[in-house]
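Biologist: I should like to learn how to read the packing of helices in a model. May we work through an example together?

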Amino acid sequence: MLLQELPSGLRPREKILAMGPKALTDAELLALVLGTGLRGCSVLELAHQLLDRFRGLSGLLGASLADLQTVRG
């Protein structure tokens with residue numbers, strides 16, 4: 001689902017402005033950092049995939065450059 005298809009209250013950018021960063025999940029925060037998804041994959045879906053692949057935000061932050069280079073996009 002594209003972010004534009006979500007109700008505005010569920011979109012990460014609008015949610016952070018309305019409720020602050022503590023109201024966002026790791027995936028929503030990562031989606032804001034990424035800014036855009038890939039063809040056929042919304043930024044929120046991409047964020048979830050990255051967090052799953054690297055076993056959370058700490059795993060993603062600790063990933064090597066070589067590991068990150070294996071990710072499409």
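Biologist: Is glutamate 28 buried or exposed?

Modeller: Buried means under 20% relative accessible area. Glutamate 28 counts as buried because its relative accessibility is 9%.

Biologist: Before we continue, how should confidence be read in a predicted model?

Modeller: Where pLDDT is low, the predicted coordinates should not be read in detail. In this predicted model, the protein chain averages a pLDDT of 91, and 99% of the residues score at least 70. Confidence is lowest in α1, at a mean of 91, and highest in helix α5 (residues 65–69), at 96.

Biologist: At what angle do helix α1 and α2 pack?

Modeller: Angles of 65 to 115 degrees count as roughly perpendicular. Helix α1 (residues 12–19) and α2 pack at about 110°, and their axes are 9 Å apart; α1 and α2 are therefore roughly perpendicular to each other. Their crossing is left-handed.

Biologist: Which residues in α1 and α2 meet?

Modeller: From α1, Pro12, Arg13, Lys15 and Ile16 meet Glu28, Leu29 and Leu32 of α2. By class, this contact of α1 with α2 has four nonpolar, no polar and three charged residues.

Biologist: How do α2 and helix α3 pack?

Modeller: Helix α2 (residues 26–34) and helix α3 (residues 43–53) pack at an angle of about 115°, with axes 8 Å apart. In this case α2 passes α3 in a right-handed crossing. The residues of α2 that take part are Asp26, Ala27, Glu28, Leu30, Ala31 and Leu34, and they meet Val43, Leu44, Leu46, Ala47, His48, Leu50 and Leu51 in α3. By class, the contact of α2 with α3 has ten nonpolar, one polar and two charged residues.

Biologist: Where is leucine 60 placed, and which residues does leucine 60 touch?

Modeller: Leucine 60 lies in helix α4 (residues 57–61). Not counting residues up to four places away in sequence, leucine 60 touches Leu30, Phe54 and Leu68. Leucine 60 counts as buried, because its relative accessibility is 12%.

Biologist: How far apart are leucine 60 and leucine 50 in sequence and in space?

Modeller: Leucine 60 and leucine 50 are ten residues apart in sequence, and their C-alpha atoms are 7.3 Å apart in space.

Note on methods:
Residues are numbered from 1 along each chain as its sequence is written. This is a predicted model: local features need pLDDT of at least 70, side-chain atom pairs count only at pLDDT 80 or more; totals for chains, interfaces and linings use all residues. Side-chain values use heavy atoms; hydrogens and water are left out. Axes are lines fitted to C-alpha atoms, for helices over the stretch in contact, and angles run from 0 to 180 degrees between N-to-C directions. Helices (H or I, at least four residues) and strands (E, at least two) are DSSP runs, numbered from the N terminus. A crossing is left-handed if the near helix is turned anticlockwise from the far one by less than a right angle, and right-handed if clockwise. Contact means heavy atoms within 4.5 Å. Ala, Val, Leu, Ile, Met, Phe, Trp, Tyr, Cys and Pro count as nonpolar, Asp, Glu, Lys and Arg as charged, and the others, Gly among them, as polar. Buried means under 20% relative accessible area, exposed over 50%, partly exposed in between (1.4 Å probe, protein chains only). Angles under 35 degrees count as roughly parallel, over 145 as roughly antiparallel, 65 to 115 as roughly perpendicular and the rest as oblique. pLDDT is the predictor's confidence in each residue, from 0 to 100.
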